[in-house]
Amino acid sequence: MKHREEEEEEEEEEEDRLVQILDDHSDRNEQSKKTKHRICCSLEQSTLSHSRSRFLLRFLVLHFASFLKRNFPFATRLIMGNSRTEIHLQRLSSRHCALCLLLPQLIPTSPKSPTGFRCWGRFQPPDRTVPASTRPRHHRLYWCKIQWPSPPIGPTYHWDSLAYEALIDHDNTTIVFVKGLNVSQKRAMDPSQFECVYGSDFTTSKLLLLVEVLSIGQEIVRCITPLSILSGSRNVNSSVKVSVRGVGKPIMCSVARPDRRLDPDLPSQKKHQMCVCTMLLNQAQFLREWVVYHARIGVQRWFIYDNNSDDDISSLIKSLDDENFNITRHVWPWIKTQEAGFVHCALRAKDSCEWVGFIDVDEFLHFPSGLSIHEVIGNFTSNVAELRINCHSFGPSGLKRVPTKGVTQGYTCRMAAAKRHKSIVRPEALNSTLINSVHHFLLTSGFEFVTVKENVLVINHYKYQVWEVFKEKFYRRVATYVADWQVDQNEGSRDRTPGLGTRPLQPPDWSTRFCEVVDTGLRDRVAEMFTDPKTR
């Protein structure tokens, strides 16, 4: 059996050989085209066919998927269609460029050989701001494009114009979630300018039902539900789709089927006083601490909206459910639709939850007063339907690695001023438009919100964690009206990280940033709650 040192040496030799292959092709093209800064090379499949070593295959399986999603998401473009699939990658190392060329041959869903791929390279001066130990060994970066035939997987749709989800509300109206209406945040539109359309085939007007739109705001449309849908069986409804169109305009494409119907009879006594809803992406390593803590302070039910996680979070949720935590996972694949997802959750929770908190997995409710969540909620009158809770943003607190005892024990230094707020709401008090801004909802007339005092209830938001955790946020953000980190928009807004810009490059002083006030309140409370008295 070879020693680990010998294996690492072989891997380095393999990488050096690939670098030489790629650079040789690049140099030949550079000489032929006499270009100083831009080098274009075209690599044949046979060039790297002999390079399918154990090292490459292992690297591909273990790292390439996460590399695409996390390290270079802002420079990756995926095009999928009936006739072809393309992946465009930018700013790659030579090793990743080589893997890029091997990828079409190894994807199980692509039985045919790739129809073509190209790789470009250019010299990249070393970044002197990056520590030498983490600086790439080779400074030629590559741009790759892969194209191969796609198997027939059914119709494809443009995400910027699509009715993607629907359900029948407790009042028998249909809620349709739509991308592409271009409705401004927190604004409602004139419903008379739109129609809801039901049918199994939108290409022929003979088989369509046109009904009235009751309200339309943001990406959410409330429609009258035809009696044929309300009285039909689930099997019949599963063949019917619902969409929206502007008066005199084409019908939007749809994959939304009104086959999920909420119970129209709300119970007089709800099963849970306090529930929590969250939308997450690859947060499995932090979910257990978040659930166990909030269960101890009085949360009884968790709705987890999984926004395309690939960290086996379903297994963790099943494990928590087996441990008698009332937690369920709802697959919500739609990108940048957090507001719509929260509406979907609020509607589902209406028949079982008196109150629903909408917080992220890095946000923890903290009661400096020592009260419980049930005591705080019970102190407000019946016309109060939303509690707005200020958030304190915590920094890395001097740490450079993920704290082994959990975020509440590891991060103890925060910004002095509270940033934004999150809310706990009564779901039956939401305005019929269901307009929200993630942080709070528009309420029905007669209900009001209250901002809770910080000495009673506050949210510890572990927003700026150690770099290896924080950089994952550059993959994408889930809110509809918030620009992704890598997009050059609104750089001065509070949605941005101060001083970071649009590139996921670790600042040298990251571990000491965002530290203005030492706050060990929740750390001490958690230690007291979960420490065995016999071991004190």
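Helices (H or I, at least four residues) and strands (E, at least two) are DSSP runs, numbered from the N terminus. This is a predicted model, in which local features need pLDDT of at least 70, side-chain atom pairs count only at pLDDT 80 or more, and totals for chains, interfaces and linings use all residues. Residues are numbered from 1 along each chain as its sequence is written, and side-chain values use heavy atoms, with hydrogens and water left out.

**Exercise 1.** Work out how helix 12 packs and how it meets helix 6.

Step 1: Within helix 12 (residues 521-530), the residues Leu 522, Val 526 and Met 529 are buried. They lie on the same side of helix 12 because they cover an arc of only 65° around the axis, the arc being that of the directions from the helix axis to the C-beta atoms.
Step 2: The partners of these buried residues are helix 6 (284-296), strand 18 (363-366), helix 10 (407-410) and strand 23 (458-461).
Step 3: Axes are lines fitted to C-alpha atoms, for helices over the stretch in contact, with angles from 0 to 180 degrees between N-to-C directions. Those of helix 6 and helix 12 come within 11 Å and cross at roughly 75°. Helix 6 is therefore roughly perpendicular to helix 12 (65 to 115 degrees; under 35 is roughly parallel, over 145 roughly antiparallel, the rest oblique).
Step 4: Helix 6 contributes Val 292, Tyr 293 and Arg 296 to the contact, and helix 12 contributes Leu 522, Val 526, Met 529 and Phe 530.

**Exercise 2.** Is Asn 282 buried or exposed, and what is its phi?

Step 1: Asn 282 belongs to the loop between strand 14 (272-280) and helix 6.
Step 2: With 16% relative accessibility, Asn 282 counts as buried.
Step 3: Its phi is near 55°, a positive value in a residue other than glycine.

Conventions
Buried means under 20% relative accessible area, exposed over 50%, partly exposed in between (1.4 Å probe, protein chains only). Contact means heavy atoms within 4.5 Å.
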